[in-house]
Amino acid sequence: MDVIVKPTPELKGEIGALSSKNYTTRYLLVAALAEGTSTVYYPAHSEDSDAMRRCIADLGAVLEEDEEKIVITGFGRRPKDVKELNVGNAGAVLRFLMAIAALCPEVTFVNTYPDSLGKRPHDDLIDALGQLGVEVSHNEGRLPITISGGTPKGGKIRVSGSVSSQYLSALLFLTPLLAEDSEIEVLNDLKSKVVIGQTLEVLEQAGIVIHASDDYMHFRVPGGQSYQAKTYTVQGDYPGSAAILAAAAVTKSDVKVHRLAERSKQGERAVVDVLQMMDVPLSHQDGTVHIQGNGRLRPVEFDGDAATDAVLAMVAAAVFAEGTSRFYNVENLRYKECDRITDFLTELKKAGANVEERQAEIIVHGRPSGLEGGVTINAHYDHRVIMALTIVGLRCRQPLVIKDAHHVAKSYPQFFEHIVSLGASVERVE
């Protein structure tokens, strides 16, 4: 499905933020790893969280779902002996389950998205699993990947954090279940540190004890632990809401987004601070962000590492700022569903934006009068790129056609429904 985004001067209305994808996938996993029955209220529905549902069911969890909750009877430390798992295009789900698959005799993760997840490397996690005595067969670090496990052993583990924090999260989910105590040392830099905070928060709620250094570079994990069956409530999702908030910022707007906790551990909560730095009129209280935009924006400088999944939405807003913005420390954007620096900026330039890239920076020379548009652009199968390009399309003089926009469902299936309900002029083309 393609979409045509037409000039939209005004947005008005209110929506509830969809549930957090990051928290949903983590709660589903810890519920599956528990002995007994857990309940997860308001789980996200997206391709990523649905991939986790599907895979934990394949591994032996029993799931019952209604409109507001999912009840999961876990398999504990004894997942079912399955031969294949299909995570679709969900990188975090793949990495978390590569670790859990070490408890199975042999599992192959199949490659169903060769042009997206199939291109992403997983060498650092493969190396770390090898230190636990797990054999991994792979295609130069890429899918298909076969895990030959059964009896992983704890001990001293070193893992690089320079490409993704998901490798570390994967080890933090697995090591408490091992017989031995483990020590995990993170090598190089650790990207997306704030997301490790989310992993540790969920593990603590599930009854797991982990001793973390303040800088998240060293961890002591007592072995022989068990996940406890619990009740969890998923909070609203800042990464997806960032696109709605940025759209309100670049238009004349009166928009409220509910279910966004002020004290959330989601790093993407920074989008609210960044929009305030850009002089967007907004308030944030009682879980509601209220934006009364006037389309005028100041430029900003921002360290994007703490808010990786909101950076593209903020870049889209900066395209219309009165001056030059810089988003730095964002190299890990290159290792997502696509290269979110080169690929995204290539499409922005087609629409008429004045942007530059460095290895770990995005530089945006704002065009407050808007862009020309009138072109067809490629979203590279990437949900965050689709949302960011939609924001830009609202301020183009000619319609913008976004190819393969149905891939927005990876994290935010209701995105177009929500933005149209606020008044955006968006048409679907099958």
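Beyond its neighbours within four places in sequence, Met 278 is in contact with Arg 296, Leu 297, Arg 298, Val 300, Ala 317, Ala 318 and Ala 321. The model is predicted.

**Nonpolar cores**
- Met 278 is among the residues with the most contacts inside the largest nonpolar core, together with Phe 327, Leu 348 and Phe 416.
- This core has 82 residues, and helix α7 (residues 238-249) supplies the largest share of them, 9 residues.
- A second, separate core has 75 residues, including Leu 28, Leu 29, Val 82 and Val 136.

**Sheet**
- An open sheet of 4 strands runs in the order β7-β8-β10-β9, with mixed pairing.
- Its edge strands, β7 (84-85) and β9 (135-139), each pair on one side only.
- Strands β7 and β8 (residues 107-109) run parallel and are joined by 2 bridges.
- Leu 85 has Phe 109 in β8 as its bridge partner.

**Salt bridges**
- The count of salt bridges is 25.
- In helix α2 (residues 47-58), Arg 53 and Asp 50 lie 3 residues apart, about one turn of the helix, and their side chains form a salt bridge at 3.1 Å, N to O.
- Of this pair, Arg 53 is buried at 8% relative accessible area, whereas Asp 50 is partly exposed at 31%.
- In helix α10 (residues 342-351), Lys 350 and Glu 347 are likewise 3 residues apart, with a salt bridge at 3.0 Å, N to O.
- Here Glu 347 is buried at 2% relative accessible area, and Lys 350 is partly exposed at 41%.
- Asp 81 and Lys 83 form a salt bridge with their closest N and O atoms 3.7 Å apart; Asp 81 is partly exposed at 43% and Lys 83 is exposed at 56%.
- A network of salt bridges links Lys 21, Asp 48, Asp 309, Glu 337, Arg 340, Asp 382, Arg 384 and Lys 410.

Terms used. Residues numbered from 1 in each chain as written. Predicted model: local features only at pLDDT ≥ 70, side-chain atom pairs only at ≥ 80, totals over all residues. Heavy atoms only, no water. Pairing = 2+ DSSP bridges. Core = buried A, V, L, I, M, F, W, Y, C linked by side-chain atoms within 4.5 Å. Buried < 20%, exposed > 50% of the residue type's maximum accessible area, 1.4 Å probe, protein only. Contact = heavy atoms within 4.5 Å. Salt bridge = Lys/Arg side-chain N within 4 Å of Asp/Glu carboxyl O.
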